[in-house]
Amino acid sequence: MSGLVTGDAVVLGLQPARLPSRALAVLIDLTVVVAAYLLISIGLAVATASLDEAAVMAVSIASFLLILVGAPIAVETLSHGRSLGKMACGLRVVRDDGGPIRFRHALVRGAMGVVEILMTFGVVACTASLVSERGRRVGDVFAGTLVVRERIPAARVLAVPPPPPWLVGRFSGLDLSAVPEALWLEIRQYLTRARDLDPAVGRRLAERLADELVTRTGTPPPPGVPADAFLAGVVAERQARDARRAFGSSVRAGAAGGAGGMSAPAPFVVPPSAAAVVVPPAVASPVAPPAAGGGETRPPATGFAPPA
């Protein structure tokens, strides 16, 4: 990885492209450009057959400059450093600070590429790329650019081993707000690689990390708990808190989404007067409502009186 530092003092871990991948990308680009140049040259030769020799020479020089020099510059400018060959090989041209290139960067690289690639058949470019620490050719040096790899194999993520069962939930009241992310990363790396370490070295590393964790939290581990088990228990507690926080936020997001879209139906509220009426299961036909005047209750329409 190349430690490029941006203007904001941020270190970028970029992997510079080496000579084999860059040579393959240049070969693909040259194949496409030369094929297009030959086809266009044949068409221009037919179209300018009636012109004089000076005009034909001017058209030939213009087509050479536009196709073999101008086309790669335009492609790198519009695609922000990704030509056809670089796309196929997973490469990209970036600035020294890691930002995307502009027209002036592509112009300098294209102009120098005519000399070090086309006129010298790639000898100067290959020599400069082999000598340079980051594999840059002369055009990259003058333009202030770097060719980096975009497709890097993802590293295998190792799961943190769980703590002993008797430590689960023991650190629920621990204050973890003062623990920095760098310390969490060190503890995670230790726990995932503890089996590969020498026992004595691993024990000393676990004790050092446990001491730093105690300094940040202000709470010592329970008596008799090993340092590695203490680290595993605290990491498990932090993961459990993150999971609860994420679960709570997802529930709130779902509720907000429901409120922002279709409104939920209002819950059915049983009025107090209706809640006091219990309909027997044997009644199959409705009972006539009482008279408006508050007199005696009229019998059912079927003549069947419900049991008392």
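User: What makes a residue count as buried here, and how many of the 308 residues of the protein chain do so?

Analyst: Buried means a relative accessible area under 20%, exposed means over 50%, and partly exposed lies in between, computed with a 1.4 Å probe on protein chains only; by that rule, 28% of the 308 residues of the protein chain count as buried. This is a predicted model, in which local features need pLDDT of at least 70 and side-chain atom pairs count only at pLDDT 80 or more, while totals for chains, interfaces and linings use all residues. Residues are numbered from 1 along each chain as its sequence is written, and side-chain values use heavy atoms, with hydrogens and water left out.

User: Why is Gln239 called partly exposed?

Analyst: The relative accessible area of Gln239 is 40%, and therefore Gln239 is partly exposed. Gln239 lies in helix H9 (residues 227-260), where helices are DSSP runs of H or I with at least four residues and strands are runs of E with at least two, numbered from the N terminus. Not counting residues up to four places away in sequence, Gln239 touches Val160 and Arg188, a contact being heavy atoms within 4.5 Å.

User: Why is H7 described as roughly antiparallel to H8?

Analyst: The axes of helix H7 (residues 181-193) and helix H8 (residues 199-217) come within 11 Å and cross at roughly 150°, the axes being lines fitted to C-alpha atoms over the stretch in contact and the angles running from 0 to 180 degrees between N-to-C directions. Angles under 35 degrees count as roughly parallel, over 145 as roughly antiparallel, 65 to 115 as roughly perpendicular and the rest as oblique, so H7 is roughly antiparallel to H8.

User: Which residues make the contact between H7 and H8, and what is its make-up by class?

Analyst: Leu183, Glu186, Ile187 and Tyr190 of H7 meet Gly202, Leu205, Ala206, Arg208, Leu209, Glu212, Leu213 and Arg216 of H8. By class, this contact has seven nonpolar, one polar and four charged residues.

User: How confident is the predictor in the protein chain, and where is confidence lowest and highest?

Analyst: On pLDDT, the predictor's confidence in each residue from 0 to 100, the protein chain has a mean of 76, with 73% of its residues reaching 70 or more. Confidence is lowest in helix H10 (residues 272-275), at a mean of 42, and highest in helix H6 (residues 138-143), at 91. Over residues 253-297 the pLDDT stays under 50, and the model has four contacts there beyond four places in sequence. Where pLDDT is low, the predicted coordinates should not be read in detail.

Key
Ala, Val, Leu, Ile, Met, Phe, Trp, Tyr, Cys and Pro count as nonpolar, Asp, Glu, Lys and Arg as charged, and the others, Gly among them, as polar.
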